[in-house]
Every structure is written in C-alpha cells, then in structure tokens.
Amino acid sequence: MAVEQAFDELHFAQEPTVETEIPGPKSKRLIERQREIDSSAVAYPKVVPIAIDEAKGATIRDADGNTFLDFFAGIGVLNVGHSNPYVLEAVQEQTEKVAHTIDFPTEARLDLIEALNDIAPGALPDNNRVVFGGPTGSDAIEATIKLAKYNTGGDGLIAFRGAYHGGSAGALSLTAGKKYKEDYAPMLPNVHHVPYPYAHQQGLDPQEASARALENVRELLEDPYSGLANPAGIWVEPIQGEGGIVTPPEGFLPGLKEIAENNDIPLIVDEIQTGFGRTGEWFASDHYDVTPDAMPMAKAIGGIGLPLSGTMYHEDLDTWEAGGHVGTYRGNAPAMVGGVRAIEYIRDNDLLAHARDVGSYIRDRLRESAGENERLVDVRGRGLFVGAEFADADEQTGKELVKAIQQDCYERGVLVWSAGRHGNVLRLIPPLVLTQEQATAGMDIICESIERRAP
C-alpha cells in the first residue's frame with residue numbers, strides 16, 4: 001500500500017476523464033496543422049488521433065483537457081512515468097550546467113556507466129564496457145554489428161523471424177518485418193533469419209518449439225553446406241516486442257548461448273525494449289539466467305524520454321581503437337543523469353516487484369476475457385510487457401478486431417497499441433509506476449471492449 005500511495009502523486013488522476021468529443025476541437029486543429037506541414041511518414045496520430053498537451057506518470061492530457069491512461073509509454077520508453085519529479089529535478093539541474101559533452105568525462109557519464117554495471121545481467125557486472133553512440137536504439141544495434149564483425153572477422157549475421165531491431169541500414173537488415181524494408185535495397189545482404197520459438201503460432205509444445213528453433217541455428221552454423229560461411233554473431237530479442245510479445249520457452253536463450261559459445265561467436269541480446277524493469281527484472285535476460293556477450297540498450301535508459309542509447313559488452317570484446325564507434329550526441333549529459341535517477345527510482349520504489357504484480361493482474365484479467373471471447377487465443381508476456389493475440393473470424397481479421405478495440409479504448413480514455421506479424425496482438429506496455437487502481441480502471445475498459453465483441 002505504501003508503494004501505491006507514493007505513486008498517487010505522480011499522475012493527473014487514477015481514472016480517465018473524457019469531456020469532449022474525441023478528438024476534441026483543439027486536438028483536431030493541431031492534427032490538421034500537422035497534416036499540412038509535417039512529413040507523410042508520421043504514423044501514430046493517424047491511428048490514435050490525439051494532440052498531447054502535457055503528461056504525468058501514467059497519464060496524458062490532450063489539448064482539450066481530456067485525461068488518458070497511458071498503456072503505451074512511448075513504446076516502452078517511459079518506465080518511471082512521464083515527467084517523474086525525482087528524475088526531472090536532476091535533469092533540469094544538469095541542463096543548466098552542461099548538456100553536450102561528446103565523450104569527455106563527466107560525472108553524469110561515469111555515474112551512469114557505474115549504475116549500469118550494478119544492474120547488468122548474469123556475469124557482466126565488473127566484466128563489461130559501455131559504449132555510447134547516437135541517441136537511438138538503431139544506433140546501439142549498429143554498434144553491435146560493428147563490434148561483432150571487428151572481433152570475429154565474420155560478416156554473416158544470424159537473426160530471427162518476427163524480429164525488430166530498428167530502422168537504420170544494419171538494424172533494418174536484422175529486422176524481419178517486410179513492411180519496414182521491402183521498398184529499400186538491403187544494405188547488409190548476408191543476414192540469415194531463422195524461426196523464433198513461437199509455440200502458439202507453430203502449433204507446438206513450447207519445448208518442442210524451442211528445440212526446433214535451436215536446431216535451426218545449430219545447423220546454420222555447423223552444417224558445412226548451410227550457406228553461412230563466415231558468421232559474426234547471433235542477434236535475438238529475449239522477448240519479441242514488435243513481433244507480438246512472443247515469450248520464448250525457458251530453455252531457449254540458454255541453448256542459444258551454448259550454441260554461440262560452441263561456435264566462438266557472440267550472442268547479442270537486444271534489451272532495447274525489454275530493459276530497465278519492463279519485464280519485472282532489470283533485463284529480460286535475468287529471467288533466463290543468460291549473460292549476453294553484447295547488449296544494446298535505449299528507450300528507457302534516458303529516464304524521462306530523453307534520447308540516449310548505449311551498448312554494454314563483455315570486456316574481452318573491447319578491442320576497438322579510439323573512435324571505433326562514434327556519434328555526435330554520445331554525451332547527452334541530461335539524459336545520462338536521467339538514466340541514473342531512473343535506476344535509483346526503480347530500485348528505491350521496488351518497481352521490479354510492482355511490475356511483476358501488476359503485470360500478473362493484467363494478464364489474469366485478459367485470460368478471464370478469453371473465457372468470454374474465444375477469439376482471444378493467447379495471453380503472454382512478463383512484467384508490464386503484455387500481449388493478447390486475437391484470431392481471425394469469417395467476417396473480421398484479428399488485426400481488424402484489435403483496431404476496433406484500440407479505437408474503443410481511445411474513445412473511453414485508454415491508450416493502447418498493437419503488435420504482431422499480422423497486427424493481431426493487443427500490446428500493453430504501461431509505465432512501471434502504473435498504480436493498481438489505474439490498472440483496474442484501464443483493464444475494466446479494455447476487457448469490456450474485448451468481451452462485448454465476442455462472436
């Protein structure tokens with residue numbers, strides 16, 4: 001209860017309040033203004049037409065004064081909530097001192113590296129190095145590609161179907177989704193995508209799905225006629241995010257680590273979306289007792305949404321010369337201070353346990369709704385990283401049903417998003433500071449929408 005009381009002050013409210021038509025008149029004007037002058041690449045307001053005025057904790061207020069519960073958190077960026085005052089205080093103080101420091105030493109930079117060392121998974125604590133580059137997760141992925149190639153001399157990259165690793169050239173090549181890259185020539189053609197263990201979709205027992213996936217990787221590396229001549233590394237999400245919150249069986253990541261070690265290549269575990277408490281552990285790797293050889297990080301690392309990315313890797317891989325990986329914004333001191341404060345806030349408020357508890361509640365509510373709507377065929381995830389998969393029906397695809405639920409929730413003040421290879425997974429990734437009262441209010445709306453659309 002003490003945790004709940006501490007969180008109450010972070011938010012505008014415990015329940016959504018919608019007092020105008022959605023979108024309201026001011027939001028409509030801003031959306032129309034954006035449509036006239038912004039890029040055609042703008043995506044999110046085309047699905048959820050909201051013009052944001054301010055945000056606190058797990059709540060967003062639009063330009064018309066309506067208050068929404070945020071079950072999306074900027075795609076998993078705002079783990080300690082919007083405008084967290086404990087983080088914001090330090091960020092503002094740092095901004096007044098110095099903001100842009102490239103890679104000169106600052107207390108902000110070194111404090112963050114030490115804080116990351118303290119929460120690193122597996123055997124990485126005190127055996128790692130951290131490199132900062134550009135401010136996005138894609139840049140962290142690019143760093144791992146360079147790191148793996150530099151250390152192995154290989155050029156073949158192994159990734160998984162259903163994967164999303166970013167939108168820049170190398171990261172896009174590792175990304176599996178055709179919709180992200182089919183209009184662009186591949187920049188790194190020597191990428192091999194193998195099946196991820198997706199037991200529900202494959203119609204397999206989870207352990208059988210894991211065994212098959214591992215055998216595919218093993219054959220690719222060890223079969224002399226597999227077509228992969230010179231491997232550089234394996235890239236994997238410990239839980240696939242964009243792919244549909246696909247949560248692998250217990251033995252998959254340890255098996256993958258063993259294969260990587262046997263073939264003397266690094267295992268790169270992409271914790272960009274799953275890190276910093278999102279799954280109820282500091283990193284999703286902790287659930288599986290696996291030590292990544294390299295671990296790209298971004299999203300929540302900047303504390304309150306400030307852009308920053310980094311890559312932690314085992315110190316044995318620290319063979320770069322000066323300038324081996326660079327980026328003009330690799331010294332964003334306010335974001336680094338924000339990252340330190342966010343780690344402190346998560347630890348001091350026991351947010352890992354809170355994420356596990358509230359996440360279990362959310363999944364339990366979804367499973368209850370599955371009893372009322374047979375089209376909800378799978379609920380999965382860990383912590384506050386939750387996916388609900390919907391099946392097609394004669395009159396409506398699972399994707400169309402998810403869109404209808406998303407629209408219904410939006411109109412009633414809850415912001416949710418979608419995922420999955422076919423867009424048929426409802427994705428719930430709220431801030432870790434979501435209170436139990438907010439979780440209840442939000443799930444009442446979400447589950448009511450699911451249940452009243454039962455066939």
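1. Two strands are taken to pair if DSSP finds at least two bridges between them. The model is a predicted one. By that rule, four strands form an open, antiparallel sheet in the order β11-β12-β15-β14. At the edges are β11 (376-382) and β14 (417-419), each of which pairs on one side only. On average, neighbouring strands of the sheet are turned by 30 degrees against each other, with direction ignored.

2. The pairing of β14 with β15 (residues 425-428) is antiparallel and runs over three bridges. Within it, S418 has L426 of β15 as its bridge partner.

3. Which helix packs on the sheet and touches β11, β12 and β15? Helix α15 (residues 351-370) does, and its direction makes about 175 degrees with that of β11. Here β12 covers residues 385-390. Helix α17 (residues 436-451) also lies across β11, β12 and β15, and runs at about 175 degrees to β15.

4. The domain assignment gives domain 1 as 1-71 + 350-452 and domain 2 as 85-349. Taken over C-alpha atoms, the centres of domain 1 and domain 2 are 26 Å apart. The contact takes 31 residues from domain 1 and 32 residues from domain 2.

5. The size of an interface is often given as the accessible area lost when the parts come together. Between domain 1 and domain 2 the buried area is about 2,500 Å², and carbon and sulfur atoms give 54% of it. On the domain 1 side, R382, F385 and R421 supply 33% of the area buried against domain 2, more than any other three residues.

6. How many salt bridges does the rule find across the interface of domain 1 and domain 2? There are three salt bridges across that interface. A salt bridge also joins the side chains of R427 and E242, at 3.3 Å from N to O.

7. A separate point concerns helix α12 (residues 252-262), where F252, L253, G255, L256, K257, I259 and A260 are buried. An α-helix has 3.6 residues a turn, so residues three or four places apart point the same way. The cover over the buried residues of α12 includes the strands β5 (156-160), β7 (231-236) and β8 (267-269), together with the helices α11 (206-222) and α13 (285-288). Just after α12, D264 takes a positive phi of about 60 degrees.

Note on methods. Residues numbered from 1 in each chain as written. Predicted model: local features only at pLDDT ≥ 70, side-chain atom pairs only at ≥ 80, totals over all residues. Heavy atoms only, no water. Helix = DSSP H or I, 4+ residues; strand = E, 2+ residues; numbered from the N terminus. Axes fitted to C-alpha atoms, helices over the stretch in contact; angles between N-to-C directions. Contact = heavy atoms within 4.5 Å. Buried < 20%, exposed > 50% of the residue type's maximum accessible area, 1.4 Å probe, protein only. Domains from an automatic or database assignment. Buried area = accessible area lost by both parts, 1.4 Å probe. Salt bridge = Lys/Arg side-chain N within 4 Å of Asp/Glu carboxyl O.
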